[in-house]
Amino acid sequence: MADLHDIRYVRVGTDRLDESVEFAIRILGLELVHRDSDAAYLRGDDRDHNICYVKGAAEGHVVGFEMATGEQLDQAAAEMERAGIAVRRGSAEECERRRVRDMIRFADPSGNAIELVSRPAASGRRYFPSRAAGITSFSHIGLRTTDARTDEAFWTGRLGAKVSDWIEDAALLRIDGVHHKVALFNSAYAGVHHINFQVGEVDDIMRSWYFLQEQGVQIAFGPGRHATSGARFLYFYGPDGMIYEYSCGVRVFSEEEERVHVPRQFRREPTSYCTWGSKPDIAEFRSEAEGSIAHAG
Ligand SMILES: O=C/C=C/C(C(=O)O)=C(/O)C(=O)O
Ligand SMILES: [Fe+2]
């Protein structure tokens, strides 16, 4: 079983490269670290980059995870192949584009493209935000699943993730002490559902809430507090309907807590998503009853 060290990057194919970059800089608050004609690299922490927007929607979405060593990467590739999973080793050019020494690529059962990498580039330059959003790190992604149980089995059985909690069938999965680095949300198609950045404190969330509204950005959910991780959050829409999330105070398990934690089962109802009473404008977070009310209204 693979032992994912950390989430590293997300690659987002887009036909609106300039607009996505402008949004990431001016609204999200990320630092542009590199731009060429085909791609733009941005970050919200000291790593080389967290998001790479790639020219062309056909490039799709990709999530990259770091393996602690090259040997572990090789082992993961061999195990996947033995299990009959189609694994492709990245070319030198693909590795260079991702700023990593080595990489493999495969898909989860829904078809989400996943890359495991070794020795991703560290940066000697301090992260310099483009606006004072208070971002402290890139932290997790929400991933769309067309078959939650099958994908959950793949993420836990092949990639070593552990379930922290469920909302109905949606599993919030951890790969270290942080409550989740991946969350699988039921959807009609595969792809990245949302991209999360941690911010320092709840004041950052509230400041951004006012700022985003002033800027005419569509708020998707919040401000609120998740019942699951305890994080205070704010979700909003960017270009291509991509959802971004700021949150703070996500639960971090101690080693002992992690050892004894039993995942909790939440029902698909509003208080499972937000304990403060905020209602999501996010289809995947709404119950069927809410969905029909919204459409009828
Ligand atoms: O309620 C839905 C989302 C929950 C959380 C959380 O508990 O922090 C997320 O951020 C997530 O699943 O992405
Ligand atoms: Fe999230």
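Which residues does Arg11 touch, not counting residues up to four places away in sequence? They are Cys52, Val54, Gly60, His61, Val62, Arg97, Arg98 and Glu115, where contact means heavy atoms within 4.5 Å.

## Basis of the report

This is a predicted model, in which local features need pLDDT of at least 70 and side-chain atom pairs count only at pLDDT 80 or more, while totals for chains, interfaces and linings use all residues. Residues are numbered from 1 along each chain as its sequence is written, chains are lettered from A and ligands numbered from 1 in the order in which they are written, and side-chain values use heavy atoms, with hydrogens and water left out.

Arg11 belongs to strand S1, which covers residues 4-14. Helices (H or I, at least four residues) and strands (E, at least two) are DSSP runs, numbered from the N terminus.

Arg11 is buried and yet has no salt bridge. Buried means under 20% relative accessible area, exposed over 50%, and partly exposed in between (1.4 Å probe, protein chains only). A salt bridge requires a side-chain nitrogen of Lys or Arg within 4 Å of a carboxyl oxygen of Asp or Glu. For Arg11, the nearest side chain of opposite charge is Glu115, 5.0 Å away; Lys and Arg count as positive and Asp and Glu as negative, whereas His and the chain ends are not counted.

## The iron site

The iron ion (ligand 2) is coordinated by His140 (NE2), His194 (NE2) and Glu245 (OE), at 2.0 to 2.2 Å. Along the chain, the donors of this ion follow the spacing H-x53-H-x50-E. His140 lies in strand S9 and His194 in strand S13 (residues 191-199), so the pair ties together parts that are 54 residues apart in sequence.

Donors are N, O and S atoms within 2.8 Å of the metal (3.2 Å for Na, K and Ca); water is not among the atoms, so sites may look incomplete. His140 counts as buried because its relative accessibility is 3%, and His194 is likewise buried, with a relative accessible area of 1%.

## Backbone features

Most residues other than glycine have a negative phi, and most peptide bonds are trans. Arg99, in the loop between helix H3 (92-98) and strand S7 (102-107), has a positive phi near 60°. With 22% relative accessibility, Arg99 counts as partly exposed.

Arg119 also has a positive phi, near 50°, and is placed in the loop between strand S8 (113-118) and strand S9 (135-145). At 53% relative accessibility, Arg119 counts as exposed. The peptide bond from Gly222 to Pro223 is cis, with omega near 5°, and Pro223 is in strand S14 (residues 219-225).
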